[in-house]
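Subject: Handing over the two-chain model

Dear colleague,

I am passing this structure on to you, together with some notes on what was found in it. Please have a look at it first and then read on.

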Amino acid sequence: MTTLRAFTCDDLFRFNNINLDPLTETYGIPFYLQYLAHWPEYFIVAEAPGGELMGYIMGKAEGSVAREEWHGHVTALSVAPEFRRLGLAAKLMELLEEISEKKGGFFVDLFVRVSNQVAVNMYKQLGYSVYRTVLEYYSASSGEPDEDAYGKFVFSLKLNGTILMLRIPGLVCKTIIIFLAYETGSDSCRLMGFMYPPLDNFSYLRLYQL
Amino acid sequence: GEHRDYLDNGNNKMAIQQADKLLKKHKDLHCAKVLKAIGLQRTGKQDEAYALAQEVAALEPTDDNSLQALTILYREMHRPELVTKLYEAAVKKVPNSEEYHSHLFMAYARVGEYKKMQQAGMALYKIVPKNPYYFWSVMSLIMQSISAQDENLSKTMFLPLAERMVEKMVKEDKIEAEAEVELYYMILERLEKYKEALDVVRGKLGEKLTSELQSRENKCMAMYKKLHRWPECNALARRLLLKNSDDWQFYITYFDSVFQLIDESWTPPAEEEHSLEGEVHCSIEQAVNFIEERIAGESRSSRPLRGPFLAKLELIRRLRHRGCNDEYKLGDPEELMFQYFKKFGDKPCCFTDLKVFVDLLPPSQYTKFIQQLLDIIPLVAAAEDEVALPGDIKALQQHLCVVQLSRLLGIYHTMDKKQKLAVVRELMLRYRHGLEFGKSCLKTELQFSDYYCLLAVHLLLDLWLEGEEAAVWQCLTLLEEGLSHSPSNAQFKLLLIRIYCRLGAFEPVSELYSSLDAKHIQHDTIGYLLTRYASSLGHYAAASQSCNFALRFFHSNQKDTSEYIIQAYKYGAFEKIPEFIAFRNRLNSSLHFAQVRTERMLLDLLLENWEWAKRGLGEDISEEHRKLSLEEETLWLRIRSLTLRLVSGLPTLAHTIQPKNSEKTAENGVSSKIDTIRALLQQLEAAVDSGKKFLEQKIQYPVLGPPPTRMAGFFSNGSCQCQTSLFYLVSDIYELDTNGLGKCLGQGFSFFFSDLFNKCKGDLIEVRDGTLKTHPNLLENLVFFVETISIALWVSSYCDSVLRPFKSNLQKKKKKKKESSVAMPPVFTHFLDYVTELQTLTSNVIDHIKGLEIILTALKLEELSLKDTLLLQEEKKFTKTVQGKVQSSYHHSVQEIGELLKKRLDTIKKLKI
């Protein structure tokens with residue numbers, strides 16, 4: 001029993017029950033506004049009949065429009081404690097995948113902390129595979145898009161980083177590829193540069209042939 | 001080039017040097033000048049930076065580099081309006097530049113110049129006929145209509161114009177993007193042309209609405225509702241429920257429409273389709289069948305759906321409201337809720353779901369209902385007389401649901417103290433037993449049995465409010481214990497924060513709050529927990545810090561939102577633009593923001609080593625409580641901001657003594673300043689009156705409801721009377737020259753002050769019957785005392801500045817006349833007496849505080865025999881921690897207050913003329 005609807009600014013005043021969870025980041029206002037301005041359809045909230053916010057998903061389309069190569073990305077997915085174990089996260093993922101596919105996204109990917117085993121297992125159940133492990137992705141907490149553009153590089157080899165998982169519609173991943181890498185940037189823009197450098201020979205076509 | 005890199009790397013000095021080098025070679029290199037200006041701005045030389053920038057701007061540059069650099073500079077200067085001037089000049093010189101025109105549009109957007117945006121959009125479209133430019137212009141018309149003061153103007157001019165602009169494109173078949181259709185819909189909706197809006201959505205153009213989920217359906221539904229087209233509402237809701245029988249909003253619409261149709265005696269047409277959206281249900285029988293079908297269908301769903309079952313309860317409620325239930329045999333709500341519990345009782349949300357429908361249960365059945373639920377939970381007792389415990393997480397979850405329902409239905413409410421304590425013990429036993437199931441839980445996860453602990457604490461809070469002093473310590477003990485097992489539980493932390501604050505102990509709160517990792521918007525939504533108590537409990541440093549965090553957030557809001565309004569134009573998210581603006585306004589008009597602003601300034605004045613005297617002369621709250629609290633907060637804010645304005649108005653009262661009967665006072669503008677002070681004083685009196693009237697209602701907020709303001713204390717401890725009389729003194733002293741040197745310095749002050757002091761006396765913590773009793777109100781009174789003494793000093797500084805020149809004036813006269821007959825007016829002696837009294841009083845309070853410190857240090861809480869022998873060893877440990885924290889916090893408060901008072905004492909000593 002849930003009302004699913006578009007997330008609006010006013011929900012920011014009411015999402016504490018979801019966001020006071022230690023694994024859910026509360027971003028700066030610009031971060032939310034950027035998503036609402038650019039990818040409003042990827043930002044969905046679930047509401048209970050009593051009016052409580054149950055959970056939300058926030059995502060975007062990533063990649064290059066010019067090369068017609070883009071995919072969906074899940075930035076945040078969180079469900080309040082008392083509304084867990086209802087399959088709500090799966091439902092929200094389903095909706096985002098549907099939107100991404102409708103928009104011509106090749107696949108959907110997301111980052112998750114290695115330590116967040118509950119989430120890792122859920123994503124695996126939803127058909128996601130570990131693509132590679134990124135280190136220190138969550139090291140900066142502000143989450144503002146162009147925060148600290150003059151970044152200080154702190155190389156670290158700690159293994160408790162973050163893993164990138166992805167799911168390609170209609171394809172069951174048999175091989176799980178895990179790349180260990182140094183990741184230092186704090187914002188996703190820098191990370192994008194890192195994820196898809198030309199040297200990587202990474203292409204959407206190859207992904208399909210995995 | 002190189003200097004730009006320096007700037008990017010934050011090396012502003014090198015950037016300035018590089019720019020200087022370049023400028024030596026090429027004197028008129030605009031861009032270098034601007035880069036230098038950026039360097040200057042960032043090193044704090046705003047004036048030089050501005051001058052240099054204006055030099056370049058005056059030349060009306062048209063090169064990209066200069067324009068971009070100036071834009072960056074103006075943005076850093078928080079002067080976005082200068083960017084518009086820059087590009088206005090640029091497009092004049094290069095009238096065909098698409099780029100400059102679009103920069104100009106965005107510059108207008110940043111400052112909200114809607115009319116100019118409309119023109120800039122059209123100018124752009126004329127140069128490059130791209131659709132987005134045209135629709136930017138249309139959107140700017142909508143913004144003009146939103147911001148228009150005159151609603152008529154908005155409905156008769158701006159919106160119709162916007163509509164015609166879109167219609168033109170429709171006729172020419174030029175509509176390309178989804179965003180353009182959205183915009184069209186927005187215009188029609190705002191014009192209340194719902195029929196037309198519906199036609200757009202359902203027509204060819206509507207096919208473009210694909211991005212959002214069910215975008216077309218949602219828009220149609222909204223229009224059907226506006227048009228009261230219940231058949232369509234019903235048919236569409238029905239269809240959407242067939243697709244997803246768990247979406248609550250459509251059940252609501254479905255029921256609403258069925259009953260509307262019944263009331264209208266609507267009947268379906270014999271031949272044609274029922275409605276545009278297909279089959280319509282217009283009788284109770286159909287609705288009942290429909291819900292039963294959804295329930296039957298649920299069993300075929302891959303995951304259990306709660307919607308159909310709850311919809312049935314909702315239908316029963318609606319039928320009952322209409323006075324017809326039994327005939328439709330939907331079943332007994334009690335039985336249905338029991339069945340629901342059987343199916344979903346092991347889900348944590350079961351309680352939240354059933355909560356909505358408990359009003360369907362007759363109160364006489366509560367106990368029976370609870371027992372019925374309890375009976376089906378598999379609980380096992382180890383021995384005959386022991387508590388039966390759940391064997392797995394599912395059973396535990398079910399039991400928790402029943403316990404929560406018991407609380408909701410008031411089962412515990414009627415119990416006496418002994419029974420309540422027995423329940424607390426049982427809940428804690430269950431809590432500790434339940435920890436077994438969560439042994440593998442990570443630190444970031446909650447324990448399954450946390451709710452037992454929370455409920456035990458709530459029962460104890462009830463006992464505390466009934467006067468059971470020991471209960472509050474047990475609350476804290478249990479919460480600290482709970483937190484040690486479940487370190488991420490935000491409920492535990494928030495409760496601890498509220499209770500510690502109620503006890504007047506702020507020190508532990510900082511750490512708890514920071515472990516919540518609250519930031520950004522949460523400064524507004526929960527930040528008040530800190531700012532309400534930090535300064536009022538004498539934790540001035542913490543108060544400053546939390547105010548600063550909050551203010552930084554609120555101040556960045558303005559700048560941040562503008563940026564994303566522009567992005568929304570770029571990406572065609574038109575419906576988000578008014579939403580962002582409303583959001584910005586909501587944050588700007590936040591009551592919390594206004595309070596923090598006022599309190600921060602008062603705090604600054606209070607903590608400052610002020611020299612200006614000389615320089616200047618040179619959880620579930622009921623709607624009712626929510627409303628009352630808002631009213632109280634607003635009244636209190638009014639009093640505080642008037643106090644702030646009065647205090648900060650003092651240094652503006654530059655007072656030169658005029659000869660007696662001078663007519664000049666009115667011309668030199670000074671009198672207008674005193675008039676302002678007097679007007680403010682009158683407003684303060686009025687605000688105080690309304691505050692007092694409000695408090696006559698003697699509102700008791702629930703303990704976890706909104707925290708009450710400090711207003712009650714302000715009135716009852718005498719600081720209100722003290723402060724207003726002090727401000728009257730300013731007004732009186734001012735009259736000195738015209739009314740003669742009467743008895744300006746009333747005798748009342750020392751009385752008011754000693755009364756205030758009396759309200760501060762007493763021990764902060766005392767041991768009574770083996771339990772600790774705290775008196776946090778003494779702490780709040782002390783803080784008010786410090787504030788009032790400070791105001792007394794500001795006022796005295798002002799008096800001093802008036803009296804001192806006056807005295808020397810008189811003394812000169814005396815010398816000239818060489819007569820002893822010119823007696824010194826008594827005002828000087830009065831003033832001296834008054835200052836001496838202030839000094840004595842302050843010294844006394846400082847001594848009192850020293851005494852408090854000694855007592856607090858000497859208080860050996862470890863020796864406090866924890867009388868409740870029922871306490872477990874584990875609990876005793878936490879009780880000691882808790883009591884230690886409160887003791888340490890009081891110590892901290894008293895120290896900060898004492899330090900501040902000592903500073904004040906030093907200032908008083910300087911005041912004697």
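B:Asp353 sits in helix H19 of chain B, helices (H or I, at least four residues) and strands (E, at least two) being DSSP runs numbered from the N terminus. Its side chain is joined to that of B:Tyr340 by a polar contact of 2.8 Å; the term stands for a pair of N or O atoms within 3.5 Å, of which, within protein, one must be able to donate a hydrogen and the other to accept it, while residues adjacent in sequence count only if both atoms are side-chain atoms.

Before going further, please keep in mind that this is a predicted model, in which local features need pLDDT of at least 70 and side-chain atom pairs count only at pLDDT 80 or more, whereas totals for chains, interfaces and linings use all residues. Residues are numbered from 1 along each chain as its sequence is written, chains are lettered from A and ligands numbered from 1 in the order in which they are written, and side-chain values use heavy atoms, with hydrogens and water left out.

The two chains

Chain A has 6 helices and 8 strands, and from the N terminus on its elements run β-α-α-β-β-β-α-β-α-β-β-β-α-α. Of its 210 residues, 54% count as buried. In chain B there are 41 helices and 4 strands, and buried residues make up 54% of its 913 residues. Taken along the principal axes, the C-alpha atoms of chain B fill a box of roughly 115 × 90 × 60 Å.

Where the chains meet

With contact taken as heavy atoms within 4.5 Å, 53 residues of chain B are in contact with 57 residues of chain A. The area buried between the two chains, which is the accessible area (1.4 Å probe) that two parts lose on being put together, summed over both, is about 4800 Å², and carbon and sulfur atoms give 62% of it. Across this interface the rule finds 17 residue pairs in polar contact, both residues being at pLDDT 80 or more. Several helices of chain B each supply at least two residues of the side that touches chain A, among them H15 (248-263), H19 (350-355) and H29 (540-571), and the largest share, 7 residues, comes from H29(B).

The interface also holds 4 salt bridges, a salt bridge being a side-chain nitrogen of Lys or Arg within 4 Å of a carboxyl oxygen of Asp or Glu. In one salt bridge the side chains of A:Glu25 and B:Lys519 meet at 2.7 Å, N to O. A:Glu25 is placed in the loop between helix H1 (16-19) and helix H2 (29-38) of chain A, and at 17% relative accessibility it counts as buried.

B:Pro348, in the loop between helix H18 (333-344) and H19 of chain B, is likewise buried, with a relative accessible area of 17%. Leaving aside its neighbours within four places in sequence, B:Pro348 is in contact with A:Pro81, A:Glu82, A:Arg84, A:Arg85 and B:Gln397.

Cores and salt bridges

A nonpolar core is a set of buried Ala, Val, Leu, Ile, Met, Phe, Trp, Tyr and Cys residues joined through side-chain atoms within 4.5 Å. Of the 198 residues in the largest nonpolar core, B:Tyr569 and B:Phe574 touch the most other members, and the largest share of this core, 10 residues, comes from H29(B). A second, separate core of 142 residues includes B:Val403 and B:Tyr533.

Over all chains the structure holds 60 salt bridges. One of them joins the side chains of B:Lys33 and B:Glu55 (3.1 Å, N to O); because B:Lys33 lies in helix H3 (residues 30-42) and B:Glu55 in helix H4 (residues 46-58) of chain B, the pair ties together parts that are 22 residues apart in sequence. B:Lys33 is buried at 13% relative accessibility, whereas B:Glu55 is partly exposed at 42%.

With kind regards

Methods:
Buried < 20%, exposed > 50% of the residue type's maximum accessible area, 1.4 Å probe, protein only.
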